[in-house]
Amino acid sequence: MAPLIYMPLDSEEGTAAFTAATLLKGGALYTGAFDTMLPLNYYIYKTAFSFFGEGAAAVRYVSVIYVILTALAVFIICRQRLGAFISFAAMVFYVLSVLNPHTGALRAYPAMFAGFPLLLSFMVLLNRDKGYENTHFAISGFFMGTAMLI
């Protein structure tokens with residue numbers, strides 16, 4: 001995994017990193033640096049730069065955190081319905097697909113960051129309690145809306 005962390009940013013990641021660096025220095029979104037991604041992606045990059053310093057490694061560290069969180073969410077969702085072995089296999093297949101160089105290899109694209117809130121939304125819908133359906137739908141909608149802004 002170490003070589004993947006120090007992999008250089010591609011053009012899409014570089015543009016997002018430049019915009020996030022502009023935000024970190026007090027610039028305004030969509031004016032100081034122009035790009036067409038939705039806003040939460042830039043703030044994920046900005047948070048990465050705040051915690052780990054500016055650079056490709058910072059973006060990769062946050063990508064690893066997102067992969068771990070998403071893998072755990074896959075495991076939890078599958079464990080509730082399918083059992084331990086299948087849920088572990090699903091989690092392993094998810095991690096292997098994310099680390100595969102042919103599918104992006106830890107590239108910090110919005111689609112990767114959107115996976116975790118979408119799984120949280122799905123988890124809330126699967127575990128709704130009788131009498132609290134509207135609350136669960138609202139929480140699920142919040143997570144889904146968050147995913148759509150990434």
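This is a predicted model: local features need pLDDT of at least 70, side-chain atom pairs count only at pLDDT 80 or more; totals for chains, interfaces and linings use all residues.
Ser11 has its place in helix α2, where helices (H or I, at least four residues) and strands (E, at least two) are DSSP runs, numbered from the N terminus. With a relative accessible area of 63%, Ser11 is exposed; buried means under 20% relative accessible area, exposed over 50%, and partly exposed in between (1.4 Å probe, protein chains only). Ser11 and Ser121 are 110 residues apart in sequence and 30 Å apart in space, taken from C-alpha to C-alpha.

Residues are numbered from 1 along each chain as its sequence is written, and side-chain values use heavy atoms, with hydrogens and water left out.

Turning to the whole protein, there are 7 helices and 0 strands, and from the N terminus on the elements run α-α-α-α-α-α-α. The C-alpha trace spans about 50 × 35 × 25 Å along its principal axes. Of the 150 residues in the protein, 40% are buried. Contact means heavy atoms within 4.5 Å, and among contacts with a separation of 6 or more, 62% join residues 24 or more positions apart.

What does the inside of the protein look like? In soluble globular proteins, nonpolar side chains tend to be buried together. Here, the largest nonpolar core has 34 residues, and those with the most contacts inside it are Tyr45, Phe49, Tyr66 and Phe113. Such a core is a set of buried Ala, Val, Leu, Ile, Met, Phe, Trp, Tyr and Cys residues joined through side-chain atoms within 4.5 Å. At least two residues of this core come from each of α2 (11-24), α3 (39-52), α4, α5 and α6 (110-126), and α4 gives the most, with 11 residues. Leaving aside neighbours within four places in sequence, Phe49 is in contact with Ala17, Ala20, Ala21, Leu24, Glu54, Gly55, Ala58 and Val59.

Phe49 also takes part in the meeting of α2 and α3. The axes of these two helices come within 8 Å and cross at roughly 70 degrees. Axes are lines fitted to C-alpha atoms, for helices over the stretch in contact, and angles run from 0 to 180 degrees between N-to-C directions. Angles under 35 degrees count as roughly parallel, over 145 as roughly antiparallel, 65 to 115 as roughly perpendicular and the rest as oblique, and α2 and α3 are therefore roughly perpendicular to each other. The crossing of α2 past α3 is right-handed; a crossing is left-handed if the near helix is turned anticlockwise from the far one by less than a right angle, and right-handed if clockwise. On the α2 side the contact includes Ala17, Ala20, Ala21 and Leu24, while the α3 side includes Tyr45 as well as Phe49. By class, this contact has 10 nonpolar, 3 polar and 2 charged residues, where Ala, Val, Leu, Ile, Met, Phe, Trp, Tyr, Cys and Pro count as nonpolar, Asp, Glu, Lys and Arg as charged, and the others, Gly among them, as polar.

The next pair is α4 (residues 56-82) and α5 (residues 84-99), whose axes come within 8 Å and cross at roughly 155 degrees. These helices are therefore roughly antiparallel to each other, and α4 passes α5 in a right-handed crossing. Among the residues that make the contact are Val67, Val74, Phe75 and Leu82 of α4, together with Ile86, Phe88, Met91 and Val98 of α5. The contact of α4 with α5 has 14 nonpolar, 2 polar and 1 charged residues.

Finally, the axes of α6 and α7 (residues 133-148) come within 8 Å and cross at roughly 170 degrees, which makes α6 roughly antiparallel to α7. Residues of this contact include Leu118, Ser121 and Leu125 of α6 and Phe137, Phe143 and Met144 of α7. They belong to a set that divides into 12 nonpolar, 4 polar and no charged residues. Phe137, in α7, is partly exposed, with a relative accessible area of 42%. From C-alpha to C-alpha, Phe137 and Ser121 are 8.7 Å apart in space and 16 residues apart in sequence. Beyond neighbours within four places in sequence, Phe137 is in contact with Leu125 and Arg128.
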